[in-house]
Amino acid sequence: MAFDFDQPVERAGTWSSRWERYAGRDVVPLWVADSDFRAPPCVLEALAARLRHGVLGYTAPPPELREAIAARMQHLYRWRIEPDWIVFLSGVVPGLHLAARHLLGAHEHALVPTPIYHHFKRALEIAPRAHSDVALVLRAGRWVFDEERLAAAARPNTRLLFLCNPQNPGGTIFTRGELERLATLAERNKLVICSDEIHADLLLDEAKPHVPIASLSPEVSRRTVTLASPNKTFNFPGAGCAWAIIEDASLRRAFSSDHHATVHDASLFGYLAALAAYRGGADWLAAQLDYLRANRDALERAVAGMPGLSMAHVEATYLAWIDASALGVKDPAAHFLAHGVALSPGEQFGAPGYVRLNFGTQRARLDAALARMASAVSSTRAR
């Protein structure tokens, strides 16, 4: 079956977070990380069938979905999990907040490799819990851990290590060796690992597999909370379905201790969409990845031709982390917005001078945005 990712989809007037912020303005919005692609036909058909049924009542997590998740982990990663290790959530972000509040005591400390998706730090700040930012380093074109700095940042009261794998915003797929060394650090310091793996299916470099850190060994699994969701991969974040995979029963109890008091379950539509995507979305996903690879390649070529901009190669996700510090402008995101392109500001991820660009959109729209960015860059040279 052919899938047409070039087909324009009008999102104005649909209450889209990304599009409504700039409603009525001549702005190409490439900031919030959802895509502009329709969800797979199998997902839309499953949702339509339930609507035809007509009753949208309170919904228990379906055993079929638990089994599908376990089967997927075994098939993709040879990681054997039990269905009852799964704690369903409305999204990965609530999972980050639950981890910060319930896996870390009030006087304990966390490590956060940065730049990183801002809700990691926000969860710790709101809890509130002490934490140290440990900068990733750009090595051989990849954003990777500074292992010596991470080890040095651990304190006697450090109990939690946040991980984003694949990395957002850097786009790195961490290797087995990199993850094994990180797991050794966690074991040495008796740290719980909370790993956000929501981008695990969005792998653009085909020879580089995703490795769930909990799959490394039973010992690592027992100290890890893995957060996952098909929301990003199959583009139905508005439906709301995610989960934590937690082997250790005491960690699972702590993580879930006030689950219904603070975080609602996944939605009926989220359960339906997730199960349909895992059962019938493989061909659509393969086609989307081909399209995203071509978008990524076009973006990397364009940025390479814009003086003052640079970016690491994007191994995974549909997010580009662009260094604009050499442009000589105080606020790169504001500068690009003034030229009609909305990007996420680097400050949000702990790195002023950078911007994040979402290339999960139609090629024509991406090309238009890149032309505007080139104009914005040229304007700094004309001063």
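Guide: Let's start at Pro 166, whose place is in the loop between E7 and helix H7 (176-188). This is a predicted model, with pLDDT of at least 70 needed for local features and 80 or more for side-chain atom pairs, while totals for chains, interfaces and linings use all residues. Numbering runs from 1 along each chain as its sequence is written, and side-chain values use heavy atoms, leaving out hydrogens and water.

Visitor: How do you know what to call a helix or a strand?

Guide: Both are DSSP runs, numbered from the N terminus: helices are H or I runs of at least four residues, and strands are E runs of at least two.

Visitor: What is the peptide bond from Asn 165 to Pro 166 like?

Guide: The bond is cis, and its omega is near -5°. Another cis peptide bond runs from Asn 168 to Pro 169, with omega near 25°. Pro 169 is also placed in the loop between E7 and H7.

Visitor: What makes the contact of Asp 36 and Arg 11 a salt bridge?

Guide: The term asks for a side-chain nitrogen of Lys or Arg within 4 Å of a carboxyl oxygen of Asp or Glu. For Asp 36 and Arg 11 the N to O distance is 3.0 Å, so the pair meets that rule. Asp 36 belongs to the loop between strand E1 (28-29) and helix H2 (41-53), and Arg 11 to the segment before helix H1 (17-20), so the bridge ties together parts that are 25 residues apart in sequence. By the rule, the model has 21 salt bridges.

Visitor: Why does Asp 36 count as buried?

Guide: Buried means under 20% relative accessible area, exposed means over 50%, and partly exposed lies in between (1.4 Å probe, protein chains only). Asp 36 has 1% relative accessibility, so the residue counts as buried.

Visitor: Which residues are linked in a network of salt bridges?

Guide: The network holds Arg 142, Glu 178, Asp 205, Lys 208, Arg 296, Asp 297 and Glu 315.

Visitor: Why is Trp 15 called exposed?

Guide: The relative accessible area of Trp 15 is 78%, which puts the residue in the exposed class. Trp 15 lies in the segment before H1, and its phi is near 65°, a positive value in a residue other than glycine. Lys 190 is not a glycine either, yet has a positive phi of about 55°. Lys 190 is in the loop between H7 and E8, and with 62% it is exposed.

Visitor: How do you know that the length of helix H15 (residues 363-381) agrees with its number of residues?

Guide: The expected span is 1.5 Å times one less than the number of residues. For the 19 residues of H15 this gives 27 Å, and the end C-alpha atoms are 27 Å apart, so the two agree.

Visitor: What makes E2 and E4 edge strands?

Guide: Two strands pair if DSSP finds at least two bridges between them. The open sheet has seven strands in the order E2-E10-E9-E8-E7-E3-E4, with mixed pairing. Strand E2 (86-89) and strand E4 (130-135) each pair on one side only. Elsewhere in the order, strand E7 (residues 158-164) runs parallel to E8, joined by five bridges. Cys 164 stands opposite Asp 196 in E8.
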